[in-house]
Amino acid sequence: MNASYGIKSWLFTKDHKRIALLYLATITFFFFIGGIFATLIRIELLTPKGDLVSSDTYNKLFTMHGVIMVFFFLIPSIPATLGNFFIPMMIGARDLAFPRINLLSWYLLVIGGLFAIFAMVAGGVDTGWTFYTPYSTSYSNTWVIATALGIFIAGFSSILTGLNFIVTVHTMRAPGMTWFRLPLMVWSNYATSLIQVLGTPVLAITMVLVFCERTFHIGIFDPALGGDPVLFQHLFWFYSHPAVYIMVLPGMGVISELISVYSRKAVFGYGFVAFSSVAIAVLGFLVWGHHLFVSGQSLYAGMVFSFLSYFVAIPSAIKVFNWTATLYKGSISFATPMLYAFGFIGLFTIGGLTGLFVAALGIDVHVTDTYFVIAHFHYIMVGGTLMAYLGGLHYWWPKITGRMYPEGWAKLSALIIFLGFNLTFFPQFILGYLGMPRRYHAYSDEFQVLHVLSTAGASVLAVGYLLPAIYFVWSLRYGQVAGANPWKATGLEWQTPSPPPPHNFEETPVVTHDAYDYSTTVGEVIEVG
Amino acid sequence: MASEVHVETLAVREQFDTASQQKNASTLGMWVFLITEIMFFGGMFLAYTAYRSWYPNVFGAASRTLNATIGAINTAVLLCSSYTMVLAVRAGQLGRRKTIMLFLVLTIILGFVFLGIKGYEWWEKFEEHHVPGASFHLEGTPLQGQAQLFFSLYFAMTGLHALHMVVGVGIMSYLLYQTYVGKYTAEYYTPIDVGGLYWHFVDIIWIYLFPLLYLIDRHGPKP
Ligand SMILES: [Cu+2]
């Protein structure tokens with residue numbers, strides 16, 4: 001890890017651990033950019049009148065908040081950082097199968113991000129992160145092409161990361177590391193990779209078609225030439241619904257690790273949890289039509305998609321029940337990562353249950369395009385993915401850096417984030433149910449109280465996000481030295497020094513136990529042969 | 001520092017333990033990549049399927065204006081190039097440097113022949129006003145928009161395919177150079193193997209494009 005220093009040794013590194021840190025810095029940057037847009041949105045919504053920004057500017061704000069957060073933060077978040085760092089280590093490998101392709105993926109994300117930032121600086125985009133046609137192809141006068149190109153390029157970053165993980169898990173496992181000894185983090189990232197590899201190319205071609213339509217007016221989404229704008233929605237959601245699982249599945253993997261470590265028990269129903277990840281990946285491809293209930297899709301298709309959407313809740317529920325069962329009679333400790341895990345389970349459950357509301361045809365027609373939907377997916381994306389990401393980052397921080405973070409501050413900020421999050425987004429469920437539509441910068445007076453609550457919550461949340469950014473940097477220098485295995489965890493990544501040596505292990509480990517075998521080893525270093 | 005000494009070679013890079021492990025990884029990697037390519041082209045095939053089933057007559061009429069003879073010749077050219085590619089891989093297995101180079105050169109030439117013929121076809125479309133845009137016109141149908149849709153898909157799909165051919169020729173040229181400087185032996189010729197997979201894939205895409213674009217409805221009335 002510390003073999004050599006200097007900017008060049010980072011920009012040309014092939015070490016998956018260093019590339020993970022490059023990703024960490026990059027997505028943190030994008031997170032704060034997206035956060036600035038969110039802040040402006042919340043300030044505007046303090047008052048019913050549109051006084052801070054014009055409606056055109058407001059359209060750009062929520063578009064760029066969505067584009068940056070989805071494509072440049074959430075999609076790469078856990079796989080590209082924690083996955084990149086720990087998947088090779090968890091399976092006992094020296095690196096990913098294709099280190100140079102791994103570096104290329106990072107460059108692609110950066111180049112794609114530069115296009116998106118160029119679009120923002122040059123004047124912004126106002127189509128919404130969904131780029132619905134024909135507005136995006138024929139009417140919008142904003143920087144659609146630059147943004148679409150940025151997403152196209154970042155998409156290939158995601159594809160190549162997925163490809164690398166799939167090949168690595170298939171071919172690079174250490175002796176004795178059978179498929180059913182893999183940590184659940186590996187299973188869930190493997191399932192995520194399947195979605196990345198199968199879904200992202202469809203988004204890429206969709207962006208190409210939007211580009212062609214906008215530049216050459218080829219007619220594919222233009223009703224005047226016999227094309228169909230709804231075709232765009234099919235193609236877009238064929239990727240973007242599964243993309244929800246690209247964002248949340250890796251989080252579920254992190255939670256499985258955390259629950260096990262901090263209750264000192266093997267994850268209950270390991271096989272079910274492992275296969276539920278794959279089931280989510282597969283079923284996730286069959287439900288995109290629930291985004292088209294009000295787009296003129298036939299009632300029959302709507303019913304089928306509604307039914308299938310209920311179906312996809314089953315594997316998610318299996319995970320939640322198994323995590324809960326794991327806690328039963330465990331010796332639970334409330335370290336910071338575990339607080340995030342509890343936060344995840346609670347918020348993800350709320351997000352998932354409200355997902356069932358919007359998957360029901362009748363209710364969806366009432367709440368579609370309202371704040372109810374906004375609240376629903378922020379509970380999944382922020383309450384779920386971001387909680388898991390922060391939990392994982394705290395859990396593995398000592399391994400990544402060799403230093404402990406300050407536990408007191410970390411607990412405090414976990415609490416602040418949890419409270420701030422609920423204060424921000426719970427009022428939005430009510431707002432949506434009362435009929436406040438999304439994407440409006442002016443609204444009628446009766447909604448103001450709830451909007452003020454939401455903005456207050458967002459301020460609390462912002463403090464909660466700034467604190468870790470500060471104390472993580474602080475801990476690099478002043479944190480307590482962590483040692484190889486501060487949590488007494490079983491995974492292979494803990495059986496090597498912190499931070500790990502360039503090739504991860506002194507010797508290739510030989511695996512003789514199942515994952516999470518706390519009964520026999522009780523957290524001792526398992527034998528490394 | 002790792003205590004094991006990893007002497008990195010082309011056949012066994014430092015992250016791998018054995019040559020066969022590396023070869024498996026490379027081959028699997030290319031297969032996964034080709035699956036992403038199928039999904040990539042899949043979006044266009046979906047659009048094609050939707051619009052052809054909505055406007056079968058216009059698509060038939062527009063398809064009949066394509067030159068099926070030239071299309072068939074190009075199909076034959078690509079099939080031949082796949083054959084020379086297979087022979088290049090075989091020569092790689094046997095470690096015959098000169099033979100590899102011969103068949104790679106033939107593959108590249110056939111690739112250029114395909115692209116040349118394709119370019120000629122596109123030029124014809126310009127002459128005939130069959131390129132989507134302001135001057136587009138197809139004889140014998142009032143549904144100019146839908147006819148234009150066919151040609152939009154024609155250009156998008158054959159264009160994307162041709163782009164893959166250009167990349168393929170680039171890969172073959174790289175392999176040719178690497179063979180020339182003696183990188184490949186009977187023990188290590190994985191790049192030729194994997195490059196071959198890519199070449200065959202691009203070939204197969206054309207095998208689907210040809211009937212879908214040229215042979216929809218050959219026997220209907222000429223427009
Ligand atoms: Cu969905």
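User: What should I know about the model and its numbering before reading on?

Analyst: This is a predicted model, in which local features need pLDDT of at least 70 and side-chain atom pairs count only at pLDDT 80 or more, while totals for chains, interfaces and linings use all residues. Residues are numbered from 1 along each chain as its sequence is written, chains are lettered from A in the order in which they are written, and side-chain values use heavy atoms, with hydrogens and water left out.

User: What makes Asp17(B) and Arg94(A) a salt bridge?

Analyst: A salt bridge is a side-chain nitrogen of Lys or Arg within 4 Å of a carboxyl oxygen of Asp or Glu. The closest N and O atoms of Asp17(B) and Arg94(A) are 2.8 Å apart, so the pair qualifies. Across the interface of chain A and chain B, the rule finds one salt bridge.

User: How many residues are in contact across the interface, and how much area do chain A and chain B bury?

Analyst: Taking contact as heavy atoms within 4.5 Å, 42 residues of chain A are in contact with 36 residues of chain B. The two chains bury about 3,300 Å² between them, 68% of it on carbon and sulfur atoms, where buried area is the accessible area (1.4 Å probe) that two parts lose on being put together, summed over both. Arg94(A), Ile205(A) and Leu225(A) supply 17% of the area that chain A buries against chain B, more than any other three residues.

User: Why is Ser240(A) called buried?

Analyst: Buried means under 20% relative accessible area, against over 50% for exposed and in between for partly exposed (1.4 Å probe, protein chains only). Ser240(A) has a relative accessible area of 2%, and therefore counts as buried. Ser240(A) lies in helix α9 of chain A, helices being DSSP runs (H or I, at least four residues) numbered from the N terminus.

User: Why does Asn189(A) count as buried, and which residues is Asn189(A) in contact with?

Analyst: Asn189(A), found in helix α8 of chain A, has 1% relative accessibility and so falls within the buried class. Leaving aside its neighbours within four places in sequence, Asn189(A) is in contact with Pro79(A), Ile87(A), Phe165(A) and Pro250(A).

User: How far from Lys319(A) is the nearest side chain of opposite charge?

Analyst: Lys319(A), in helix α12 (residues 313-327) of chain A, is buried yet has no salt bridge, and the nearest side chain of opposite charge, Glu257(A), is 10 Å away. In assigning charge, Lys and Arg count as positive and Asp and Glu as negative, while His and the chain ends are not counted.

Methods
Helix = DSSP H or I, 4+ residues; strand = E, 2+ residues; numbered from the N terminus.
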